[in-house]
Amino acid sequence: MAPEMNDFEFDRRFFCRQMPEELDDGSAPTLIVQSYYVHSDNYALRVRLSSRKTRIEMNADTDAMAALDRYRDDFTEASVTVKGPSVGGTRYEAEREIDVNIAAELIKRGGEVIIKNRFAAWIGEDGWDIDVFGGSNAPLVVAEAKRSRPVTNLIIPDFCVTEITDQVRFSNDGLASRPFASWSGDFDRELAEQGPHFEQIYGRNRHE
């Protein structure tokens, strides 16, 4: 059977220096704790827990497992997801809901764990997710524009420093196996030497 079109994810992703203050209205973002059981060659198997009730600070000392234990009753959504490689901002992603308690036990028992706050915003014509990572991926901030079709002719906000759409190291499964803190210095040097880059294969980029 051919995969459903809604099992494909269309996005463009950007590195940011910080969470834009104007997009934080003070309410709780979505707290996400997720574990990657497979993360090889950009294929991934992920278990995720989400809470819209809890706001915690994301920094290098944020402990995903401690947060899971402390706020376990606040998590109300859970899923298991299979992902294929990302090509040109398109990635096969089959996500299915599972029981919250089962997801919590799976995360506690294995995989590589990531914690982050996800802020949602409507910018121009598109819905955006801004992820603020904690633990060994702090202080990484990634902004992502998603559509139900390829993301072309995008208005790119000025808080987006450079495009990372097809950079595997910035994918969540890439960060699970090789956290940002271990190579952030190399990336800063690359960015200083090469300057920002925005893909030109997705139609006309508009910066605001």
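**A tour from pocket to patch**

The largest pocket has a volume of about 850 Å³. A pocket here is an open set of points on a 1 Å grid over the protein atoms alone, with protein on both sides within 12 Å along at least five of seven lines, and lining residues have an atom within 4 Å of a point. The volume is the space filled by probe spheres set on the points. This is a predicted model, in which local features need pLDDT of at least 70 and side-chain atom pairs count only at pLDDT 80 or more, while totals for chains, interfaces and linings use all residues. Residues are numbered from 1 along each chain as its sequence is written, and side-chain values use heavy atoms, without hydrogens and water.

Select Ile32, Arg48, Arg118, Asp129 and Lys146: of the 46 lining residues, these lie nearest the centre of the largest pocket. The lining holds 23 charged residues (Asp, Glu, Lys and Arg), together with 12 nonpolar and 11 polar ones.

Next, select strand 4 (residues 77–87), which gives the most to this lining, with five residues. Strands are DSSP runs of E of at least two residues, helices runs of H or I of at least four. Serine 79 lies in strand 4 and is buried at 7% relative accessibility; buried means under 20%, exposed over 50%, and partly exposed in between, with a 1.4 Å probe and protein chains only. Its C-alpha atom is 9.4 Å from that of glutamine 34, 45 residues apart along the chain.

Now show the salt bridges, of which the whole structure has 18; each is a side-chain nitrogen of Lys or Arg within 4 Å of a carboxyl oxygen of Asp or Glu. Arginine 12 pairs with glutamate 163, with the closest N and O atoms 2.8 Å apart. This pair links strand 1 (residues 8–16) to strand 10 (residues 160–163), across 151 residues. Arginine 12 is buried at 0%, as is glutamate 163 at 3%.

Move to helix 2 (100–109). Glutamate 105 and arginine 109 form a salt bridge there (2.1 Å, N to O), four residues apart, about one turn of the helix. Glutamate 105 is partly exposed at 25%, whereas arginine 109 is exposed at 63%.

Finish with Tyr37, Val38, Ile102 and Leu106, a nonpolar surface patch with about 320 Å² of accessible area together. Such patches join nonpolar side chains (Val, Leu, Ile, Met, Phe, Trp, Tyr) within 5 Å, from residues with over 30% relative accessible area and no salt bridge. Tyrosine 37, in strand 2, is partly exposed at 33%.

Conventions
Patch = residues over 30% accessible without salt bridge, like charges linked within 9 Å, V, L, I, M, F, W, Y side chains within 5 Å. Areas by Shrake-Rupley, 256 points an atom, 1.4 Å probe, with all protein chains shown as cover. 1 Å grid on protein atoms, 1.4 Å probe; cavity = no way out; pocket = protein on both sides within 12 Å on 5 of 7 lines; lining within 4 Å.
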